[in-house]
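Me: I'd like to learn how to read a few features in a model. Could you take me through them one at a time?

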Amino acid sequence: NIEITVMLLLTSIKTSGLVAFYYTFSAGLTFYNKWALTEFPFPLSMTMIHILSNFFVVWLCRKAYVLWYKELRPVLTWKLYVEHVVPVAIFSVLDIGLSNWSLIFISVSLYTMSKSSALIFVFLFSVILKLEKPRVVMVLVVLFIVAGLFMFTYHSTKFSVEGFLLVMIASAISGLRWTTAQLTLQRVDLKLSNPIDMLYHLLPVMALTLLPLALTIDGVHIGTSEFVFRASNLNVFSVTMVVVLGSTVLAFFLNVSEFLLVYHTSGITLSIAGIIKEIIILTLSTMWWEDDALSTVNVTGMIICVAGITTHTTVKVWGTHKHESVGLPKEDHVQLLTQSHQDPAENSESDENMVLYRTTSA
């Protein structure tokens, strides 16, 4: 009827908006960081600056909400924090840090296609965490994509073993990151479905995890760099800081867009969005960087990879329609600050039979 049609239309518009929001900052940050790392070749330190700056912005958002609405924001107990937030934070910082690091060694096209394998790792870890049941068709899809990935990287331009290993490790960690993140976002009693609240809890652990790595790998080099502390004049230092600031702004909005998309949709929508985004980035990268030109074998591998990912998405959609379950109602969080605070003491685990998760496909 008309009411259902209008509801579906509004849902489609909202989802399209979230996907467009995600596309803009995901593709933008990929290309921006590829250039920015030539001006500031310290990927882990750049990620550290992103984390600290983003935490300051998130902290301001929460304070502004409290002052304006006179309501507190959710704060987890230490037990819930360690159990549900710390793992996501560690996986997140390793994923982001290794991904940025790999861009120093490999081209954007190789990075994009290699990182697309994260979708498969999401499935694998979903099986391990008993969110999915292992099926023969999904094993075949995994092998299909691995074969395509091998063809794509075969004699690829600017191929680097170090860069390729870094991005593949990042892809595996990304699977853990988004599987655990979805569980945390959609757990009702944690009240972290709002991306601002989620980031507020994640970023401190991310900073503590990355700090030793950043100091060990970038410490001496950034201290003696002509772009930073040994800059010949103030203008050089100022330009470097502006470049890093631009990357920080993109990183903040990318974080928000990712958590919004994962919470409001599911892994299925994220997979479809990822496929299209990868095609866009690969096309743009071959247009903008001459050294990113792809051979026939590379293009064939890319097509096989995309076909495998599409098959994976199709199987997921088919399985969801066959075993569709009704989820819990949820508030609309497209606006970043909409939830009211509830006492953390109410997050008691005494009622083991309560429904803790919003049922969607991980």
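**Salt bridges, cores and a kink**

Reply: Let's start with charges: Asp95, Lys115, Arg177 and Glu258 are linked in a network of salt bridges. A salt bridge here is a side-chain nitrogen of Lys or Arg within 4 Å of a carboxyl oxygen of Asp or Glu. Mind that this is a predicted model, where local features need pLDDT of at least 70 and side-chain atom pairs count only at pLDDT 80 or more, while totals for chains, interfaces and linings use all residues. Residues are numbered from 1 along each chain as its sequence is written, and side-chain values use heavy atoms, leaving out hydrogens and water.

Me: How many salt bridges are there in the whole structure?

Reply: The general idea: side chains of opposite charge can pair when their charged atoms come close. A search of the whole structure turns up 7 salt bridges. In one, Asp197 pairs with Arg62, with the closest N and O atoms 2.6 Å apart. That pair ties together distant parts of the chain, Asp197 in helix 8 and Arg62 in helix 2, 135 residues apart. Helices are DSSP runs of H or I, at least four residues, numbered from the N terminus.

Me: Which residues touch the most other members of the largest nonpolar core?

Reply: In soluble globular proteins, nonpolar side chains tend to be buried together. A nonpolar core is a set of buried Ala, Val, Leu, Ile, Met, Phe, Trp, Tyr and Cys residues joined through side-chain atoms within 4.5 Å. The largest one has 44 residues, and Ile51, Leu76, Met198, Leu202, Met206 and Phe259 touch the most other members. Elements giving two or more residues to this core include helix 8 (195-223) and helix 9 (234-264). A second, separate core has 16 residues, among them Ala36 and Phe164.

Me: Where is the kink in helix 8 centred?

Reply: On Ile217, with an angle of about 45°. The bend at a residue is the angle between axes fitted to the seven residues ending there and the seven starting there. The end-to-end span is worth a look as well: helix 8 has 29 residues, yet its end C-alpha atoms are only 34 Å apart, short of the 42 Å a straight helix would reach. That expected span is 1.5 Å times one less than the number of residues.

Methods. Buried < 20%, exposed > 50% of the residue type's maximum accessible area, 1.4 Å probe, protein only.
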